[in-house]
Amino acid sequence: MEFSSFLTSLGTSFVIFIVLMLLFAWLSTKPGNAVVYYPNRILKGLEPCEGGSRTRNPFAWIREAFSSTEQDVINMSGVDTAVYFVFLSTVLGILVLSGIVLLPVLLPVASTDDGLRKNGNTTTSKGTFNDLDKLSMANIEEKSPKLWAFLIAVYWVSVVTYVLSWKAYKHVSALRANALMSPEVRPEQFAVLVRDLPEVAPGQTRKDQVDSYFRSIYPDTFYRSLVVTNNKKVDKIWGELEGYKKKLARAEAISEGSSTRPTNKTGFLGLCGKQVDSIEYYNEKIKELTKKLEAEQKVTLREKQLGSALVFFTNRVTATLAAQSLHAQMVNKWMVTEAPEPRQLVWSNLTIKFFERIVRQYIIYFVVFLTIVFYIIPIGFISAITTLENLRKLLPFLKPIIDRAEIKTVLEAYLPQLALIVFLALLPMFLLFLSKMEGIPSGSHVIRAASGKYFYFSVLNVFIGVTIGGTLFRTMKSIEEDPNSLVPLLAKSLPVNATFFLTFVALKFFVGYGLELSRIVPLIIYHLKRKYLCKTEAEIREAWCPGDISYATRVPNDMLVITIVLCYSVIAPVIIPFGVLYFALGWLVLRNQALKVYVPAYESYGRMWPHMHNRIMGSLLLYQVTMFGYFGVSQFSYTPILILLPILSLIFSYVCRKKFYNAFCHTALEVASQELKQTPNMEQIFRSYVPPSLISEKQEEDGQFEDALSRVSRTGSSV
């Protein structure tokens with residue numbers, strides 16, 4: 001990449017961000033756009049703009065983001081979001097403290113050497129990027145004593161990471177404990193999930209089995225159980241019923257706005273069949289499906305009970321003890337764990353047996369491995385062919401277009417990075433599907449699992465794949481002539497690829513966060529839906545509902561950036577300011593979004609943090625191994641000193657896991673034993689876990705009967 005192309009990419013990305021930020025400042029003050037830019041505040045009954053002013057300073061959002069406290073974030077978006085900002089702050093601190101030392105020390109050391117000229121190296125075509133290359137380790141001669149400065153810098157970055165990661169782990173542990181000690185009643189603290197139920201004895205129902213088992217162990221605090229049922233058929237009927245209710249509301253809204261009653265055809269997709277009055281037709285279908293649903297609910301609750309259940313206790317200390325206790329001699333029977341939030345339950349996974357879950361897990365790991373291996377081929381190919389030099393060779397007919405100065409500059413600035421970003425966007429949904437197929441019982445755990453897969457994928461394919469792919473494509477002839485030169489060539493390619501990653505990071509934070517802040521795409525979609533599709537208030541609300549912060553893709557993308565910046569922090573220190581800008585801008589923009597836009601889909605009380613910490617340690621370990629290899633290729637005699645760092649990282653990770661991790665897997669009893677400010681309504685807690693398709697007021701009116709939801713069973717009554 002030529003220096004002009006790099007400046008073009010950086011400059012245009014910055015201009016795009018400024019334009020998008022000004023667009024946000026203008027659009028967010030329009031009354032009709034408030035539901036797009038302030039949905040979280042609106043749902044909580046607050047004024048969209050703080051102070052209520054529609055003519056406020058266009059940069060007021062920056063002051064509001066900076067002045068907000070951690071408690072403000074927790075109040076608006078929950079503990080998980082606050083923990084995410086701890087992650088951003090920690091990584092930002094690592095890069096700032098690293099840059100304070102590395103930039104003023106390493107840049108002068110590198111620029112005063114003459115390794116590039118003496119080795120006859122030009123790291124890019126025509127050597128036009130040499131001014132920037134002189135600020136990297138590529139300009140240090142082999143065996144030079146100046147390498148000592150870079151070796152000490154590797155230790156400095158590692159020590160800073162250890163210290164800040166430790167402080168962050170302690171802080172997040174305190175956040176989690178404080179949230180769980182809250183005097184507010186939370187349903188999941190009074191329930192446990194029981195899986196792998198043994199076969200039912202003759203003459204006994206599944207409900208009898210669960211009730212008698214837990215009543216015998218916890219006679220004073222057992223409340224009742226909810227046996228998981230096969231809800232496929234009842235869910236289908238309930239879905240159809242809800243669909244017709246929405247259609248009826250829409251037809252009534254259309255009827256109120258016009259003098260004629262709406263009609264529709266009863267055939268396939270409303271395109272054929274008999275023409276009927278919509279309101280009358282939908283009312284008839286609702287009555288028909290309501291009766292059908294009630295009948296199916298009774299059948300499901302009585303005859304379709306499966307091998308897992310939710311058990312409720314009147315005391316959250318008992319629920320905590322039960323979730324951490326071994327209830328059966330065999331590990332594949334009566335497995336009890338903490339219950340997820342009601343909205344997090346993945347009902348289809350609750351009844352998957354113990355050994356089947358293990359088999360599924362290994363199969364999914366193998367599929368992910370194959371995905372990584374096969375994806376690295378097209379990504380490496382893309383990174384290779386999207387350079388202009390290689391495009392000229394592969395597609396000679398494009399030469400007249402590519403060689404035009406203005407087109408060449410733009411293509412060099414954006415083509416490789418955009419191709420990579422688009423290619424990566426195709427992956428997250430597939431990884432979420434794979435994670436769900438493992439048999440994981442909660443939505444937040446599915447997100448964590450998908451995030452981990454995406455991290456390994458992005459690091460192995462983007463960081464390593466781009467480096468290796470681009471190098472192999474450029475140096476294929478040299479490797480054919482001398483196969484032993486592969487390792488040195490790969491090592492020497494690291495400073496070359498730094499320019500690609502500089503542009504990649506800049507594109508992500510300027511353009512990516514500009515689009516995030518301006519919300520242009522959601523704004524356009526909302527107004528199109530409202531004008532042409534939405535007829536009822538429910539449809540309008542659904543059109544602007546923002547969703548959550550999408551940790552499954554956001555966290556791995558951040559991890560990829562920290563991996564890139566760490567690995568190049570000593571090799572090419574000029575990348576550090578770009579990493580600082582990425583996380584600083586991310587903290588600022590996402591702070592605004594967390595306070596005003598995104599609505600959490602779940603709350604796991606910081607359960608994501610151990611995974612974040614492990615990925616930071618993984619990035620640090622990769623950085624240390626990379627530097628060890630690079631110093632070795634530089635033939636520096638004191639390279640073995642770096643062997644200590646990976647060992648320290650493994651020890652540090654082990655100590656953190658032993659000290660902190662168990663409190664994230666389970667709730668400590670000293671936390672669960674805190675007093676509540678009110679007596680829990682156990683019936684309300686129980687009802688919060690009942691699937692919507694099984695809720696029926698008529699069942700209560702008809703009296704109690706023995707089924708998956710009943711309060712009594714033949715073995716006796718419960719509290």
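Reply: Start with rings. Two rings of Phe, Tyr or Trp count as a pair if their centres lie within 6.5 Å. Planes under 30 degrees apart count as stacked, over 60 as edge-to-face, and the rest as tilted. Keep in mind that this is a predicted model.

Me: How many aromatic pairs does a search of the whole structure find?

Reply: The search finds 33 aromatic pairs. Take Phe87 and Phe583. Their ring centres are 6.5 Å apart and their planes stand at 85°, so this pair is edge-to-face.

Me: Where do Phe87 and Phe583 lie in the chain?

Reply: Phe87 is in helix 6 (residues 79-111), while Phe583 is in helix 25 (residues 575-596). The pair therefore ties together parts that are 496 residues apart in sequence.

Me: Are Phe87 and Phe583 buried or exposed?

Reply: Both Phe87 and Phe583 are buried. Now try a second pair, Tyr513 and Tyr582. The ring centres are 5.4 Å apart and the planes are at 50°, so the pair is tilted. It also links distant parts of the chain: Tyr513 sits in helix 21 (residues 486-518) and Tyr582 in helix 25, 69 residues apart. Tyr513 and Tyr582 are buried too.

Me: Which residues form one aromatic cluster with these rings?

Reply: The cluster holds Phe66, Tyr84, Phe85, Phe87, Tyr513, Tyr551, Tyr582, Phe583 and Trp587.

Me: What sits over the ring of Phe85?

Reply: The charged end of Arg591 does, 5.0 Å from the ring centre. Arg657 and Tyr661 give another case. There the charged end of Arg657 sits over the ring, 4.2 Å from its centre.

Me: Let's go to the surface. Which residues form a nonpolar patch there?

Reply: Phe628, Ile643, Leu644, Ile647, Leu648, Ile651, Tyr654 and Val655 do. Together they have about 700 Å² of accessible area. Helix 27 (residues 644-665) gives the most to this patch, with 6 residues.

Me: Now strands. What should I know about their side chains?

Reply: In a regular strand the side chains alternate between the two faces of the sheet. Look at each face in turn. In strand 1 (residues 191-195), 5 of its 5 residues are buried. Ala191, Leu193 and Arg195 are on one side, and Val192 and Val194 are on the other. Both faces of strand 1 are covered.

Me: Which strands pair with strand 1?

Reply: Strand 5 (residues 305-313) pairs with strand 1 in the antiparallel sense, over 4 bridges. The bridge partner of Val192 in strand 5 is Val311. Strand 6 (residues 335-338) pairs with strand 1 in the antiparallel sense as well, over 4 bridges. Here Leu193 stands opposite Thr337 of strand 6.

Me: Next, charges. How do I spot a salt bridge?

Reply: Look for a side-chain nitrogen of Lys or Arg within 4 Å of a carboxyl oxygen of Asp or Glu. By this rule the count comes to 16 salt bridges. In one of them, the side chains of Glu683 and Arg224 meet at 2.7 Å, N to O. Glu683 belongs to helix 29 (residues 682-688) and Arg224 to strand 2 (residues 222-229), 459 residues apart.

Me: Which residue forms a salt bridge with Lys304?

Reply: Glu296 does, with the closest N and O atoms 2.9 Å apart. Lys304 is partly exposed at 25% relative accessible area, whereas Glu296 is buried at 8%.

Technical notes:
Residues are numbered from 1 along each chain as its sequence is written. This is a predicted model: local features need pLDDT of at least 70, side-chain atom pairs count only at pLDDT 80 or more; totals for chains, interfaces and linings use all residues. Side-chain values use heavy atoms; hydrogens and water are left out. Rings of Phe, Tyr and Trp (its six-membered ring) pair if their centres lie within 6.5 Å; planes under 30 degrees apart count as stacked, over 60 as edge-to-face and the rest as tilted. Helices (H or I, at least four residues) and strands (E, at least two) are DSSP runs, numbered from the N terminus. Buried means under 20% relative accessible area, exposed over 50%, partly exposed in between (1.4 Å probe, protein chains only). A charge sits over a ring if NZ of Lys or CZ of Arg is within 6 Å of the ring centre and within 35 degrees of the ring normal. Patches are made of residues with over 30% relative accessible area and no salt bridge: like charges are joined within 9 Å, nonpolar side chains (Val, Leu, Ile, Met, Phe, Trp, Tyr) within 5 Å. Accessible areas come from the Shrake-Rupley method with a 1.4 Å probe; for residues, only the protein chains shown count as cover. Two strands pair if DSSP finds at least two bridges between them.
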